[in-house]
Amino acid sequence: MASVLKNGILLGQVIPSTLKNAVKVQVPYFTFDDRLKAYFKKTEDFVAEDISKDCKTGDIVIIHKLEKQIKKEITHKVFETVFKLGDIKDPISGQSVVSSQYRANMEQFDELYGATKNFDYEKAPKRGSLEGTRDFTDKPVYRKWHNFEKEDPYGVSN
């Protein structure tokens with residue numbers, strides 16, 4: 001395991017899991033291969049305690065190592081949600097970003113060129129507002145290791 005993972009504070013992405021009051025966080029790190037003289041990306045999964053139940057699959061979170069473990073499998077706790085899935089902000093300016101453009105700039109382009117507004121970010125509901133009807137983020141999901149004849153909507157392909 002890389003020495004980066006021994007730090008008390010880690011940044012990672014929430015991945016699907018069926019745990020209650022906890023989330024699985026996948027933390028990327030790079031290892032150097034002396035033979036090829038190149039870095040290769042690897043990932044390590046951690047189980048983090050999420051008391052507020054705010055984190056959903058795809059969110060980028062900061063996790064801290066627990067000083068005293070209550071359960072054997074839970075080694076960290078969620079400290080902060082940095083980005084919600086699909087709601088990215090520029091870390092320097094703090095402005096919301098869509099693809100490679102700022103949302104404010106997109107609005108200026110719409111005013112200048114008279115483009116139709118296909119999607120209004122200000123009026124859009126927050127992620128998870130359709131839980132139980134069309135949104136599957138509140139359902140227990142799992143990683144599929146085999147493709148069965150009957151398709152399961154809660155299975156996520158590896």
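Figure 1. Lys53 is found in the loop that runs between strand E3 and strand E4 (60-65), in a model that is predicted. With a relative accessibility of 57%, Lys53 counts as exposed, because the cut-off for that word is over 50%. The side chain of Lys53 makes a polar contact with the side chain of Asn21, at 3.4 Å. In sequence, Lys53 and Val78 are 25 residues apart, while in space their C-alpha atoms are 9.9 Å apart.

Figure 2. Most residues other than glycine have a negative phi. Asn21, although it is not a glycine, has a positive phi of about 60 degrees, and Lys37, which is not a glycine either, has a positive phi of about 55 degrees. Asn21 lies in the loop between strand E1 (9-15) and strand E2 (22-33), whereas Lys37 lies in the loop between E2 and strand E3 (38-49). The relative accessible area of Asn21 is 42%, so this residue is partly exposed, while Lys37, with a relative accessible area of 61%, is exposed.

**Figure 3. The largest nonpolar core and the contacts of Ile63.** This core has 13 residues, and those that touch the most other members are Val23, Val25, Val27, Val61, Ile63 and Val78. Strands E1, E2, E3 and E4 each supply at least two residues of the core, and the largest share, four residues, comes from E2. Which residues are in contact with Ile63, if its neighbours within four places in sequence are left aside? They are Gly8, Ile9, Leu10, Val25, Val27, Phe46, Ala48, His76, Lys77, Val78 and Phe79.

**Figure 4. The open sheet of strands E6, E7 and E8.** The three strands of this open sheet follow the order E6-E7-E8, and their pairing is antiparallel. Strand E6 (88-89) and strand E8 (101-102) stand at the edges, and each has a single partner strand, so one side of each is left without a neighbour in the sheet. Strand E7 (residues 96-98) pairs with E8 over two bridges, in the antiparallel sense, and here Val98 stands opposite Gln101 in E8.

**Figure 5. The aromatic pairs.** How many aromatic pairs does a search of the whole structure find? The search finds two aromatic pairs. Phe32 and Tyr39 form a tilted pair, with 4.9 Å from centre to centre and 55 degrees between the planes. Phe32 counts as partly exposed at 39% relative accessibility, while Tyr39, with a relative accessible area of 58%, is exposed. Phe109 and Tyr113 form a stacked pair, with 6.4 Å from centre to centre and 25 degrees between the planes. Because Phe109 and Tyr113 are four residues apart in helix H1 (residues 103-113), they are separated by about one helical turn. Phe109 is partly exposed, with a relative accessible area of 40%, whereas Tyr113 counts as exposed at 65% relative accessibility.

**Figure 6. The protein chain as a whole, for orientation.** The protein chain has one helix and 10 strands, and from the N terminus on its elements run β-β-β-β-β-β-β-β-α-β-β. Of its 158 residues, 23% are buried, and its accessible surface comes to about 12,300 Å², of which 53% belongs to carbon and sulfur atoms. Among the contacts in the chain with a separation of 6 or more, 41% are between residues 24 or more positions apart.

Methods
Residues are numbered from 1 along each chain as its sequence is written. This is a predicted model: local features need pLDDT of at least 70, side-chain atom pairs count only at pLDDT 80 or more; totals for chains, interfaces and linings use all residues. Side-chain values use heavy atoms; hydrogens and water are left out. Buried means under 20% relative accessible area, exposed over 50%, partly exposed in between (1.4 Å probe, protein chains only). Two strands pair if DSSP finds at least two bridges between them. A polar contact is a pair of N or O atoms within 3.5 Å; within protein, one must be able to donate a hydrogen and the other to accept it, and residues adjacent in sequence count only if both atoms are side-chain atoms. A nonpolar core is a set of buried Ala, Val, Leu, Ile, Met, Phe, Trp, Tyr and Cys residues joined through side-chain atoms within 4.5 Å. Contact means heavy atoms within 4.5 Å. Accessible areas come from the Shrake-Rupley method with a 1.4 Å probe; for residues, only the protein chains shown count as cover. Rings of Phe, Tyr and Trp (its six-membered ring) pair if their centres lie within 6.5 Å; planes under 30 degrees apart count as stacked, over 60 as edge-to-face and the rest as tilted.
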